[in-house]
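Here is a short briefing to read alongside the structure. Have the viewer open, and let's walk through it topic by topic.

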Amino acid sequence: MVRKIASLQTLFLALSLALVSLAPAPARAQIAVGVSIRVAPPAIPVYEQPPCPVEGYLWTPGYWAYGDAGYYWVPGVWLAPPRVGLLWTPGYWGWGGGIYAWHAGYWGPHVGFYGGVNYGFGYGGVGFVGGEWRGGRFAYNTAVVRVNTTVVRNVYVNRTVVVNNNVRTSFNGGPGGINRRENAEEMRAIHEQHVERTSLQASHEHGAGLNHANFASENHGRPANAAYSRVNERQGNQQARIGQGVRSGQLTPRETGHLENKEANIHQEVRNDRAANGGHLTQGERAQVNHQQHQVSRDINRDKHNARTDRPAQEHNEREHRP
C-alpha cells in the first residue's frame with residue numbers, strides 16, 4: 001500500500017476524518033495539497049520517557065507537527081494499539097520538490113521506514129528494538145524503554161540491539177537532512193496492510209496544537225512537556241462518541257455541529273488559560289474544564305437518544321457495510 005504523504009491541510013483534516021470512522025481503517029494514499037512548507041522542522045528534543053503505565057501499551061514517540069503559528073511539538077505518549085500484534089511506524093518529515101512534506105505514521109505488523117529519524121526509546125532510525133509481540137502479549141526491552149514494574153512484568157533486557165545514535169535531525173533529505181533510503185525489509189513493510197492512527201492519536205495531536213507552549217516559536221525547540229504517560233483520554237473519548245453518533249445517524253448535522261462547537265470552545269478556553277499560565281492549568285481551571293466536559297458528555301448522550309436522527313447518513317452507512 002502506498003505510504004501516505006500529507007502536507008499542512010491533511011494534518012488538519014486528520015481529526016475530522018477520525019470522527020467519521022471510529023474504528024481504524026486501512027491507510028489509503030492521499031495527495032499532498034495546501035500550503036508549501038519551506039522551513040525545516042526543529043531537531044528532536046532530548047527528553048525523559050515516562051514509564052509505561054499499563055501492560056500492552058506501546059510507545060509512540062513525540063514529533064513536530066505544523067500549525068498556524070508554525071511547528072509545534074506533539075508529546076510522546078504510551079497508548080493501546082488498535083489490536084494485538086501491531087507495531088507503530090512513526091511519521092517523518094521529508095524534503096522533496098522544494099518543500100517539506102509530512103509522511104504520516106501507521107500501525108502494521110512490522111515497523112517500516114520513518115526517514116532514519118532518531119526518535120529515541122527504541123526508534124533509533126531503523127526499525128524498533130524497544131520490545132516485541134510474543135503471542136498475545138507485548139514484551140518490553142527495558143534496556144531502551146521504561147516501564148512501571150509494579151504493573152508491567154512481561155519484560156526482558158537485550159543491550160546488544162542498542163545503537164548509539166546522537167543525531168537529532170528531524171527530517172529526511174534536503175539541506176542538512178538525513179541521507180537514508182528504505183532498505184529491503186522496510187520496503188516490504190510499506191506494502192503490508194496498514195492501519196491509520198487511532199482517533200485518540202488524532203485527538204492528542206489536535207490538543208497539542210491548542211497549547212501555545214508547544215510551538216517552537218515559544219519554546220525554541222525545547223518543549224516543557226515533551227512526553228506523557230497517557231493521552232487526554234476524556235477528550236479522545238468525547239470525540240470518539242461523537243464520531244460513532246455521526247456514523248450511526250443518531251446525531252443530526254445540527255446536533256453534531258452544536259457538540260463540536262462546545263468542544264472547540266473548551267479547547268480554546270484551555271489554550272487561553274495555558275497561555276496565561278506558562279503552559280499549565282490551575283487546579284480551579286482543571287475543575288472548570290472537567291465540569292464543562294461533564295456537560296458535553298450529558299449532551300452527547302441526550303442527543304444520541306432523542307427522537308431526532310440523521311436518517312440519510314444512517315442509510316448510507318448501512319449500505320456501506322452491507323455484504
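Is Phe121 buried or exposed? With a relative accessible area of 19%, Phe121 falls under the 20% limit and is therefore buried. Please keep in mind that this is a predicted model.

**Aromatic pairs**

- The model holds 20 aromatic pairs.
- One of them joins Tyr47 to Phe121 in a tilted arrangement, with 5.3 Å from centre to centre and 55° between the planes.
- Tyr47 belongs to the loop between α1 (8-20) and β2 (58-60), while Phe121 belongs to the loop between β9 (106-108) and β10, so this pair ties together parts that are 74 residues apart in sequence.
- Tyr72 and Phe215 make another tilted pair, at 5.1 Å centre to centre and 45° between the planes.
- This second pair links distant parts of the chain, 143 residues apart: Tyr72 is in strand β4 (residues 70-74), and Phe215 is in the loop between α3 (199-210) and α4 (216-219).
- Both Tyr72 and Phe215 are buried.

**An aromatic cluster and the nonpolar cores**

- Tyr47 and Phe121 also belong to one aromatic cluster, together with Trp59, Trp64, Trp73, Trp78, Trp133, Phe138 and Tyr140.
- Tyr140 turns up again in the largest nonpolar core, which has 53 residues; Tyr140 is among those with the most contacts inside it, along with Tyr71, Trp93, Tyr119 and Tyr123.

- Three strands form an open sheet in the order β10-β11-β12, and their pairing is mixed.
- β10 (131-134) and β12 (155-156) are the edge strands, each pairing on one side only.
- β10 and strand β11 (residues 137-141) run antiparallel and are joined by four bridges.
- Glu132 has Ala139 in β11 as its bridge partner.
- The charged end of Arg134 sits over the ring of Tyr156, 4.4 Å from the ring centre.

- β5 pairs with β2 in the antiparallel sense, over three bridges, and here Val77 in β5 stands opposite Thr60.
- β5 also runs parallel to strand β14 (residues 227-228), joined by two bridges, with Gly76 opposite Ala227 in β14.

**Helix α7**

- Helix α7 (residues 283-304) has 22 residues, which at 1.5 Å a residue should span 32 Å; the end C-alpha atoms are 32 Å apart, in agreement with that figure.
- Its buried residues are Glu285, Val289, Gln292, Gln293, Val296, Ser297, Asp299, Ile300, Asp303 and Lys304.
- These residues cover an arc of only 165° around the axis, which means that they lie on the same side of α7.
- As background, an α-helix has 3.6 residues a turn, so residues three or four places apart point the same way.

Technical notes
Residues numbered from 1 in each chain as written. Predicted model: local features only at pLDDT ≥ 70, side-chain atom pairs only at ≥ 80, totals over all residues. Heavy atoms only, no water. Expected span 1.5 Å × (residues − 1). Buried < 20%, exposed > 50% of the residue type's maximum accessible area, 1.4 Å probe, protein only. Arc of directions from axis to C-beta. Pairing = 2+ DSSP bridges. Core = buried A, V, L, I, M, F, W, Y, C linked by side-chain atoms within 4.5 Å. Phe/Tyr/Trp six-rings, centres within 6.5 Å; stacked < 30°, edge-to-face > 60°. Lys NZ or Arg CZ within 6 Å of the ring centre and 35° of its normal.
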